[in-house]
Amino acid sequence: MLWNILALVLFKIPDLPHRSSLHRPTRLMSKLTMILALCLVISSQAQARKISRVVIDPGHGGKDKGANRGSTYEKNLALNVAKRVEVLLKAKGMPVTMTRRSDKFISLTSRAAIANRYSNAIFISIHFNAHTSTRQTGVETYYYGEQGKKLAAHVHLRLLSRLKPRNGDTRQRKNLAVLNKTRCPAILVECGYISNYTERKKCLSSGYQYNCAKAIVDGIWAYKTYR
Ligand SMILES: [Zn+2]
């Protein structure tokens, strides 16, 4: 395939109009530049990862409320962001499975089992954070394993650039069931602290929720495209 394209560039594509045969070296250089560009395109395509499905996991649900402050519940915020991620991914033609689509309790092992039904899937668990200190703010991304680490790095970078939060960084968490029981690359995103008054107000806004979702999708796409 590659050799066919190279041969086409070298022998079949007509030269650009030129004034004299003195321009022959220039024409050769332009052909070589085209070959180099083609090689770069082909090699970047070869490096793209195959992702056949994204399993989106809105944290908590039902009797498991997650963190809460006043009338703000982590389980509701997580579902809002997850549904936005679903819409954005489907718009790109990516198959999506949600571990829950309503306020329903799902065990951690069931969530991992849903992800394990698929080959070439990735798993994104969406949460919001809380701390006893009301001053704590920021976005954190957890992962388990090497592929999870790469996925976390891409998603976290986009979260930082879109949300401009305190950088809570990425961390390996070996004790989280949704990460260590999933066989595919898996991450857990903590989209902000609802225990901080200012950050809670942001987390409740549709603009912030959209930006969380967009950053997650952009991160998934970067992971899919680049090594
Ligand atoms: Zn949580």
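Is A153 buried, exposed or partly exposed, and how many other C-beta atoms lie within 10 Å? In this predicted model, A153 is partly exposed, with 16 other C-beta atoms within 10 Å, where a residue counts as buried if 20 or more other C-beta atoms lie within 10 Å of its own, as exposed if 12 or fewer do, and as partly exposed in between, with C-beta atoms placed from the backbone. Residues are numbered from 1 along each chain as its sequence is written. Because the model is predicted, local features need pLDDT of at least 70 and side-chain atom pairs count only at pLDDT 80 or more, whereas totals for chains, interfaces and linings use all residues.

**View 1. The protein chain as a whole.** The protein chain has 8 helices and 8 strands, the helices (H or I, at least four residues) and strands (E, at least two) being DSSP runs numbered from the N terminus. Of its 227 residues, 36% count as buried. Among contacts with a separation of 6 or more, 77% join residues 24 or more positions apart, two residues being in contact if their C-beta atoms, placed from the backbone, lie within 7 Å.

View 2. An open sheet is formed by 6 strands in the order β4-β1-β5-β8-β6-β7, and the pairing is mixed; two strands pair if DSSP finds at least two bridges between them. At the edges stand β4 (96-98) and β7 (167-172), each with a single partner strand, so one side of each is left without a neighbour in the sheet. From one strand to the next, the twist averages 20 degrees, with axes taken as lines fitted to C-alpha atoms, for helices over the stretch in contact, and with angles running from 0 to 180 degrees between N-to-C directions.

**View 3. Strand β1 and its two partners.** Strand β1 (residues 53-58) is mostly covered, with 5 of its 6 residues buried. It pairs with β5 in the parallel sense over 6 bridges, and V55 has F123 in β5 as its bridge partner. The strands β1 and β4 also run parallel, joined by 3 bridges, and here the bridge partner of V54 is V96 in β4.

**View 4. Helix α5 across the sheet.** Helix α5 (residues 146-163) lies across β5 (121-129), β6, β7 and β8 (186-193), and runs at about 170 degrees to β6. Strand β6 (residues 139-143) is joined to β7 by 4 bridges, and these two strands run parallel; Y143 has Q172 in β7 as its bridge partner. A153 is found in helix α5, and its C-alpha atom is separated by 8.2 Å from that of T141, 12 residues apart along the chain.

**View 5. The largest nonpolar core around I187.** The largest nonpolar core has 47 residues, of which V81, I124, I187 and I216 touch the most other members; such a core is a set of buried Ala, Val, Leu, Ile, Met, Phe, Trp, Tyr and Cys residues joined through C-beta atoms within 7 Å. Helix α8 (residues 206-225) gives the most to this core, with 8 residues. Leaving aside residues up to four places away in sequence, I187 touches I124, T141, Y142, Y143, G148, L151, A152 and V155.

View 6. In helix α4 (residues 108-116), the residues R111, A112 and A115 are buried. They cover an arc of only 95 degrees around the axis, which puts them on the same side of α4, the arc being that of the directions from the helix axis to the C-beta atoms. T109 and S110, on the other side of α4, are exposed. The buried residues of α4 pack against β1, β5, α6 (177-180) and β8.

View 7. E199, R200, K202 and C203 are the buried residues of helix α7 (residues 197-204). Seen down the axis of α7, these buried residues fall within an arc of 160 degrees, so they line one face of the helix. The face turned away from the buried side carries the exposed residues Y197, T198 and K201. The cover over the buried residues of α7 includes β2 (68-69), β3 (72-73), α3 (74-91), β5, β8 and α8.

View 8. H60 is found in the loop between β1 and β2, and its phi is near 60 degrees, a positive value in a residue other than glycine. With 24 C-beta neighbours inside 10 Å, H60 counts as buried. K164, found in the loop between α5 and β7, has a positive phi of about 50 degrees although it is not a glycine, and with 10 C-beta neighbours inside 10 Å K164 counts as exposed.
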